[in-house]
Amino acid sequence: MRTPPIDHPRAASAEVARVVIETERLQIRSLRDDDLADLVALIDNWEVARWVSSVPHPYTEADGRNWIALVQQDHTTGRPLRFAIALKETDRLIGGVGLDGSTGDGGEEPSLGYWVGQPYWRHGYGREAVAAVIDYGFRTLGLETIRAYTDPSNAASQKVLLRCGLKNVGEIELVEPTRHGARRAPLFRILRPESAS
């Protein structure tokens, strides 16, 4: 996996600064306008949305256009926190990942969030994207710690977090319950490795 240097736009250019994180099979990049149809189709699926409390359901084209604009704006900073997950081979959107997720309990710590469209489950894409974004957070953004939480019944997501080096450090009291009504959730955390300092 490599994180290429940020391409800064020339003064006369309208080009936006871009961060693209490449893994063996994925490009983790900004959302584009032409991702709209895939974004709406994938995240409007209840099997995906039920685990992502911050996503409206049903998910409309207007929701998608607003999210694409927000992610594109985030990428103009040159130090973005939100990304699309796309297959490297086809550049087709399959999910999203970021370090701006809800902390669940209103804390200040950077919080990992991700989702993968149902047709792409059980291929290791979530683990690949999460590991790459954690590395980006520590190496490029200089974060000291990253946290994540899941719905208590989302065993698949908990397994991904554990495989990416996060540790279960207890439970948090949620500001808002999950879509399944849970008011407490398992908390996971990973600290910046010494070698990344």
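Visitor: What is the mean pLDDT of the protein chain, and what share of its residues reach 70 or more?

Guide: The mean is 89, and 90% of the residues reach 70 or more. pLDDT is the predictor's confidence in each residue, from 0 to 100. You're looking at a predicted model, where local features need pLDDT of at least 70 and side-chain atom pairs count only at pLDDT 80 or more, while totals for chains, interfaces and linings use all residues. Residues are numbered from 1 along each chain as its sequence is written, and side-chain values use heavy atoms, with hydrogens and water left out.

Visitor: Where is the pLDDT below 50?

Guide: Over residues 1–16. Beyond near neighbours in sequence, that stretch still has 21 contacts in the model, a contact being heavy atoms within 4.5 Å.

Visitor: How many helices and strands are there, and what makes something a helix or a strand here?

Guide: The chain has 5 helices and 8 strands. Take β1, residues 21–22: a run of at least two is what the rule asks for, so β1 counts as a strand.

Visitor: What makes β4 and β5 a pair?

Guide: Two strands pair if DSSP finds at least two bridges between them. Strand β4 (residues 93–98) is joined to β5 by 4 bridges, so the two are a pair, and they run antiparallel. Gly-98 stands opposite Gly-113 in β5. The whole sheet is open, with 5 strands in the order β1-β2-β3-β4-β5 and antiparallel pairing.

Visitor: Why are β1 and β5 at the edges?

Guide: β1 and β5 (113–116) each have a single partner strand, so one side of each is left without a neighbour in the sheet. Helix α1 (residues 36–43) packs on this sheet, touching β4 and β5, and its direction makes about 80° with that of β4. Axes are lines fitted to C-alpha atoms, for helices over the stretch in contact, and angles run from 0 to 180 degrees between N-to-C directions. Helix α3 (residues 61–75) lies across β2 and β3, at about 105° to β3.

Visitor: What order do the strands of the 3-stranded open sheet have?

Guide: The order is β6-β8-β7, with antiparallel pairing. β6 and β7 are the edge strands, each pairing on one side only. Strand β6 (residues 145–149) joins β8 (residues 184–191) through 5 bridges, and Ile-146 has Ile-190 as its bridge partner. Strand β7 (residues 167–173) is joined to β8 by 6 bridges; there Asn-168 stands opposite Phe-188.

Visitor: What makes a set of residues a nonpolar core, and how many residues has the largest?

Guide: The set must be buried Ala, Val, Leu, Ile, Met, Phe, Trp, Tyr and Cys residues joined through side-chain atoms within 4.5 Å. Buried means under 20% relative accessible area, exposed over 50%, partly exposed in between (1.4 Å probe, protein chains only). The largest core has 46 residues, and those with the most contacts inside it include Phe-83 and Ile-146. Phe-83 belongs to this core, so Phe-83 must be under 20%. Helix α4 (residues 125–139) gives the largest share, 8 residues.
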